[in-house]
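Please read them alongside the coordinates.

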Amino acid sequence: MKIRNRKSAEGESRAVEKRTAKDHVIDAVICLIFGLFTVACIFPFYYIFINTISDNTLVSTGRVNIVPVGIHFSNYVNVLSLKELPRAGGLSLARTVLGTCFTIICASFPAYCFSREEYWHKKIFYRMVVITMYFSAGVIPVFLTYKTLRIYDTFWVYILPCCVTPFNLILVKTYMESLPPSLEESAEIDGAGYLTRFTRIVMPLCKPILATIAVFSAVGQWNNWMDTVLYTRSKSLQTLQYVLYRYLKEANTLAEIARDNPEVMQEMDPATMLSPLTIKYTICIVTIVPILVVYPFFQKYFVKGMMIGAVKG
Amino acid sequence: MSGSGIQKKKSPRERAGFRLFLLSLPFLIGIFIFSYLPLAGWAYSFFNYKPGKNLFDCEFVGWKWFAAPFNNPVLRKQFIRVMKNTLAINLLYMATMILPMIFAMFLMEIRSKWYRKLVQTLTTIPNFISWVLVYAAFFSLLSTDGLLNSLLLKSGSISNPVNFLMDTSHMWLKMLGYHLWKGLGWGAIIYISAITSIDSEIYEAAAIDGAGRFQKMWYITTPHLIPTFFVMFILQIGNIINNGIDQYLVFSNAMNQDYIEVLDLYVYRYGLQQGNISYATAVGMWKSLVSVILVLIANTLSRKIRGSSIF
């Protein structure tokens, strides 16, 4: 686009210069349509946000639509002091951090092993790993397996299944094979073993691809709530996403919350008193903020991840 | 593996290779446990399994559960309904797969670079939030306490709040709408990068020949993007009976079951909620079988038409 504009300024290409009124109208229409779709993507969250910081009496009568009124932040203070919230948040954070680390380890080290030609029966084992991409036993057999392994209804059900990421493994292996072999060879001659060579030489060189995988896996871990639905039962294992799901779907959670948290419910001022609606909205914002904070910084990794994914098919 | 006698004859290279194998062994065991071991769970579909009992104390029923969706009239009715939902929703998704491409083509027509970037960034955000948050977003707009209701009440169009999320009409189209809201911006990214890689001289040549904006889009951009679109489309064929559970679970309620229950959700409800493990496993196996066949068909198609297979 830029190039064409510049050329027209130099008078090289006459055709581009002819921007008629019709062109401008079409441009305006395109911009407008995209603007509307963009607003549609963002507005719900803005709407939820202004409803969490506005006067709760106005919120309950649906009078906060475009701008916040009577700004206060006591909803956040109150919701975060509900008994299950800090726990759920901590659990979400723990599974995100641990799950991501585990994914990185399970994608990078085996990828290094498989990138070496001398691997014992490399073809057979590599195929056995890759082929797991194309089949799945299904929800019920997996559930039964977790029960048998006794990781059903434990924290490990969020972390351990991350070791199966053949797709990431292929990405890292391909990346490692594109590195110049001479780097590793010199270390090999100096007598460094596989582990040293991996941690000191290969892994630092793979930072770009590992960062991409880490970002994707972290978002996936934070967002995952289906495994809470399928493979856990106890309340103490509910993550932030699942707590939000429960509050959104269950009609009378307030009575339950009031029973569990008498001290929070003593708040009598109607402008700051929690209602089922404000609780839902506030948890929603608490859940989405980490994604929104992280997203702009890591957007290039997301786009890169999409591109590698597309190339690999 | 065993016997140091064999080890002794091996060259240093082979020994090193075996050491590598041992180093990666914990990972291989993990793969075995989480990918291959669950396959043993398929055995449950051949028994009349009751939760809490030992599998081998249960009655062996052979292929009964596999035939059940076709023989048992009640299950057959359910199965037909579920398959109808699954296929209808997925065909709608496939029919709209061209939209990200159109989105990208028109987005690149915007001249202001910062506006383009802004649109691209904000429209991809919904892809990175969970379906629970998507539900929360639509809940804030459509529920009885939501924005739409408060606006309609204020304008006097309705006198009592209506819960639009409970409404069961056009369920398939609504699921398509949610799907597009979440995925359209993200889906466009791959086409955007394809467009930026098109040689700008082609456009200049076309401009000199007097091609207008839409002619350029139709005769230059579209042919460049079709191969990418085609790959995505073929990959989708392999997924035509996979929906995942999340989207359908969050949006389902007591009213809309008949229109929203897709195969994955059906398996979950039968197996984990109602405890009919054997039947649910059998249905899941049917699904796996058909999926594998579809992937193979897609791969063959791709090889025939594009000359290269997907995997």
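1. Helix α15 of chain B (residues 263-273) is mostly covered, with 8 of its 11 residues buried. Buried here means 20 or more other C-beta atoms within 10 Å of the residue's own, exposed means 12 or fewer, partly exposed is in between, and C-beta atoms are placed from the backbone. Helices (H or I, at least four residues) and strands (E, at least two) are DSSP runs, numbered from the N terminus. The buried set in α15(B) consists of B:L263, B:D264, B:L265, B:Y266, B:V267, B:Y268, B:Y270 and B:G271.

2. The model is predicted: local features need pLDDT of at least 70 and side-chain atom pairs count only at pLDDT 80 or more, while totals for chains, interfaces and linings use all residues. Residues are numbered from 1 along each chain as its sequence is written, and chains are lettered from A and ligands numbered from 1 in the order in which they are written.

3. The buried residues of α15(B) pack against α8 (139-149) of chain A, and against α5 (73-95), α13 (246-251) and α16 (277-306) of chain B. After α15(B) comes B:G275, with a positive phi near 75°.

4. Contact is taken as C-beta atoms, placed from the backbone, within 7 Å. Between the chains, 71 residues of chain A are in contact with 80 residues of chain B. The chain A side comprises 53 nonpolar, 13 polar and 5 charged residues, where Ala, Val, Leu, Ile, Met, Phe, Trp, Tyr, Cys and Pro count as nonpolar, Asp, Glu, Lys and Arg as charged, and the others, Gly among them, as polar. Leaving aside neighbours within four places in sequence, B:Y135 touches A:L248, B:V250 and B:F251.

5. Chain A has 17 helices and 0 strands. Of its 313 residues, 35% are buried. Among contacts in chain A with a separation of 6 or more, 74% join residues 24 or more positions apart.

How values were computed
Contact = placed C-beta atoms within 7 Å.
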